[in-house]
Amino acid sequence: MGSYWWYITVLVRDDLVTAEENEEMLYSAADLSGSIGTEVQELPNGVRMRVYYRSDEELTYWRGRLLDALAEWPEARLEDMGKIESQPWSRQSENAFPPLDVGGRMTVLAPWHKGTEPKDRIPIYINPGSAFGTGYHESTQVALELFERHLEAGGRAKSVLDVGTGSGILTIAAIKLGARSVRSRDADPAVIDEARANLQLNGVDPASVELETGDLLSGVDGAFDLLFANILLDPLLEMLPNVKRVLSPDGAAIFSGMTIWEREHFLQALSESGLAVRYELTKEEWWGVAAQNQA
Ligand SMILES: C[S@@+](CC[C@H](N)C(=O)[O-])C[C@H]1O[C@@H](n2cnc3c(N)ncnc32)[C@H](O)[C@@H]1O
């Protein structure tokens with residue numbers, strides 16, 4: 001066994017059954033899939049569980065086993081996965097979120113670090129809550145760095161679509177780096193208030209962001225300069241055939257949330273979608289890609 005663990009985070013938002021019932025189902029799925037430990041966070045209308053696995057198998061192996069164990073249970077959604085180097089049991093203290101430089105220009109800070117931001121960087125304030133997107137996850141960093149690269153190369157980002165906005169971090173970055181309007185959506189209605197609070201924390205003009213609950217690209221039309229989608233492989237594959245439809249002729253898309261083992265699969269699908277690869281970026285086992293619309 002290696003000196004690290006894998007984790008997979010599962011989220012259930014369900015008002016129909018009790019938190020105890022949800023937890024029981026998750027515990028039994030974790031057991032069935034061969035996990036070595038779990039960590040539960042009770043949310044106002046759901047439960048989040050981190051399920052830990054041994055590293056003597058690949059993460060994709062455990063993901064498959066957990067998905068099998070959850071097959072009867074469509075409310076449960078995989079939210080996140082990755083590697084944990086040391087004892088995973090988390091500390092929910094203020095020290096757990098020191099300011100973090102991302103890319104060449106941005107620093108992500110919790111609100112209690114306001115006033116300590118480096119002078120020469122763009123601060124992005126995020127209150128670590130139950131929505132995904134504190135900035136600490138590599139998949140978010142991949143998306144933000146690809147965004148910087150897109151801008152450095154002269155790419156447009158005046159009108160932006162952020163699918164799976166979570167904490168709103170990518171929307172805030174877009175506005176702070178020059179976007180005039182952002183449409184931000186998430187399938188999880190529970191994150192919308194948190195995203196709104198984070199926008200406010202950053203002084204973002206509410207009129208410049210349309211924040212909504214929505215599944216992938218359903219109900220979205222338009223010609224956006226830039227699409228952000230930091231989700232997982234399966235929803236990204238599902239939305240890919242419709243991405244061209246929502247981009248301007250010279251628009252671009254930044255896809256993140258996939259592991260390096262999923263790269264080939266996604267690039268194959270991307271090559272059939274009418275978009276061309278511009279940049280790729282890997283952080284730890286997380287991989288993302290910026291792609292350009294093609295005439
Ligand atoms: C990995 S988080 C990304 C959060 C943030 N954008 C970031 O980059 O840190 C993925 C987000 O996508 C949302 N999501 C998952 N499936 C979705 C879907 N089918 N449609 C829209 N949002 C979805 C989740 O609720 C979650 O908030």
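Reader: What do the buried residues of H1 pack against?
Author: They pack against strand S1 (5-13), strand S2 (37-43), strand S3 (46-54) and helix H2 (59-69). Contact means C-beta atoms, placed from the backbone, within 7 Å. Helices (H or I, at least four residues) and strands (E, at least two) are DSSP runs, numbered from the N terminus.

Reader: What kind of model is this, and how are residues numbered?
Author: This is a predicted model: local features need pLDDT of at least 70, side-chain atom pairs count only at pLDDT 80 or more, and totals for chains, interfaces and linings use all residues. Residues are numbered from 1 along each chain as its sequence is written.

Reader: Back to H1. Which residues are buried there?
Author: Asn22, Met25, Leu26, Ala29 and Ala30. Buried means 20 or more other C-beta atoms within 10 Å of the residue's own, exposed means 12 or fewer, and partly exposed is in between; the C-beta atoms are placed from the backbone.

Reader: Where do the buried ones sit around the axis of H1?
Author: The buried residues of H1 fall within an arc of 135° seen down the axis, so they line one face of the helix. The arc is taken from the directions from the helix axis to the C-beta atoms. An α-helix has 3.6 residues a turn, so residues three or four places apart point the same way.

Reader: And which are exposed on the other side of H1?
Author: Glu20, Ser28 and Asp31.

Reader: What span should H1 have?
Author: Its 14 residues (19-32) should span 20 Å at 1.5 Å a residue, and the end C-alpha atoms are 20 Å apart, which agrees. The expected span is 1.5 Å times one less than the number of residues.

Reader: What follows H1?
Author: Glycine 34, with a positive phi near 90°.

Reader: New topic. Which residues touch the most other members of the largest nonpolar core?
Author: Leu227 and Ala253, in a core of 59 residues. Such a core is a set of buried Ala, Val, Leu, Ile, Met, Phe, Trp, Tyr and Cys residues joined through C-beta atoms within 7 Å. Another core, of 21 residues, lies apart from it; Met25, Ala29, Val47 and Leu70 are among its members.

Reader: What does leucine 227 touch?
Author: Leu161, Val163, Val243, Val246, Leu247 and Ala253, leaving out residues up to four places away in sequence.

Reader: Now the ligand. Which residues come nearest?
Author: Gly133, Thr140, Gly164, Gly166 and Ala187, of the 24 residues around the ligand. A residue is near if its C-beta atom, placed from the backbone, lies within 6 Å. Helix H3 (138-152), helix H4 (169-176) and strand S9 (181-186) are the elements that give two or more residues to this shell. The largest share, three residues, comes from H3.

Reader: Is H4 mostly covered or exposed?
Author: Mostly covered: seven of the eight residues of H4 are buried. Glycine 178 follows H4, and its phi is positive, near 115°.

Reader: Where is leucine 216?
Author: In the loop between strand S10 (209-213) and strand S11 (224-230). Leucine 216 counts as partly exposed because it has 19 C-beta neighbours inside 10 Å.

Reader: Last one. Is histidine 265 buried or exposed?
Author: Exposed, because histidine 265 has 12 other C-beta atoms within 10 Å. Histidine 265 lies in helix H7 (residues 263-271).

Notes. Contact = placed C-beta atoms within 7 Å.
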